[in-house]
Amino acid sequence: MSYFENFIKANQAYVDLHGTAHLPLKPKTKVAIVTCMDSRLHVAPALGLALGDAHILRNAGGRVTDDIIRSLVISQQQMGTREVVILHHTDCGAQTFNNKDFVEHLRQVLGVDASSQDFLPFTDVRESVLEDMALLRQSDLIPEDIEISGAIYDVDTGRIHEVI
Ligand SMILES: [Zn+2]
């Protein structure tokens, strides 16, 4: 039995809470947040966001990748967002490995050569935020007047700290 069956049950209660509403497609705050997939980070309550407020783009580490750029271009040019927040966090899974050892692990368990892949691990969370902010500023696909902020979420306290 998969855990998915629990989701079907839980969703029944959510539907009652949700009611029927048709919110606008374009995010109300005009903000897109790039963040990690970490299960301890519930972005909406942590930042006071409601349904329809913001785009939330998540991947391992909350790193700026080609696909994050793709999503941001759509977010900005189709859905009207004008601001990006890079939100990384303490105790991130992306700090628990390096490319070389991980590639070796994958060779052993999967029998594949993943050496051409950068899994984007990092050691210093402040540096990773600054790096990703710089990637956005350097991208020709992200206009100069898009506001870019960075922050670190503390998974132990729930507090965010701005990175400047
Ligand atoms: Zn993480």
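## Exercises on a predicted model

Helix 1 has a kink of about 25°, centred on Q12. The structure is a predicted model.

**Exercise 1.** Compare the end-to-end reach of helix 1 with the expected value, and state what follows the helix.

*Solution.*
1. Helix 1 contains 15 residues.
2. At 1.5 Å a residue, the expected value is 21 Å.
3. From first C-alpha to last, helix 1 reaches 20 Å, which is close to that expectation.
4. After helix 1 comes G19, and its phi is positive, near 65°.

**Exercise 2.** Where does Y3 sit, is Y3 buried or exposed, and which residues make a nonpolar surface patch with Y3?

*Solution.*
1. Y3 lies in the segment before helix 1, which covers residues 4–18.
2. The relative accessibility of Y3 is 57%.
3. The cut-off for exposed is over 50%, so Y3 counts as exposed.
4. Together with F4, F7 and I8, Y3 makes a nonpolar surface patch of about 480 Å².

**Exercise 3.** Which atoms coordinate the zinc ion, and how are the donor residues spaced in sequence?

*Solution.*
1. The zinc ion is coordinated by SG of C36, NE2 of H89 and SG of C92, at 2.0 to 2.3 Å.
2. The spacing of these donor residues in sequence is C-x52-H-x2-C.
3. C36 and C92 are 56 residues apart, and this pair links distant parts of the chain.
4. C36 belongs to strand 1 (residues 31–36), while C92 is in the loop between strand 3 (83–89) and helix 4 (99–110).
5. Both C36 and C92 are buried, where the cut-off is under 20% relative accessible area.

Definitions and conventions
Residues numbered from 1 in each chain as written. Predicted model: local features only at pLDDT ≥ 70, side-chain atom pairs only at ≥ 80, totals over all residues. Heavy atoms only, no water. Patch = residues over 30% accessible without salt bridge, like charges linked within 9 Å, V, L, I, M, F, W, Y side chains within 5 Å. Areas by Shrake-Rupley, 256 points an atom, 1.4 Å probe, with all protein chains shown as cover. Salt bridge = Lys/Arg side-chain N within 4 Å of Asp/Glu carboxyl O. Helix = DSSP H or I, 4+ residues; strand = E, 2+ residues; numbered from the N terminus. Buried < 20%, exposed > 50% of the residue type's maximum accessible area, 1.4 Å probe, protein only. Donors = N, O, S within 2.8 Å, 3.2 Å for Na, K, Ca; no water. Expected span 1.5 Å × (residues − 1). Bend = angle between axes of the 7 residues up to and from the residue.
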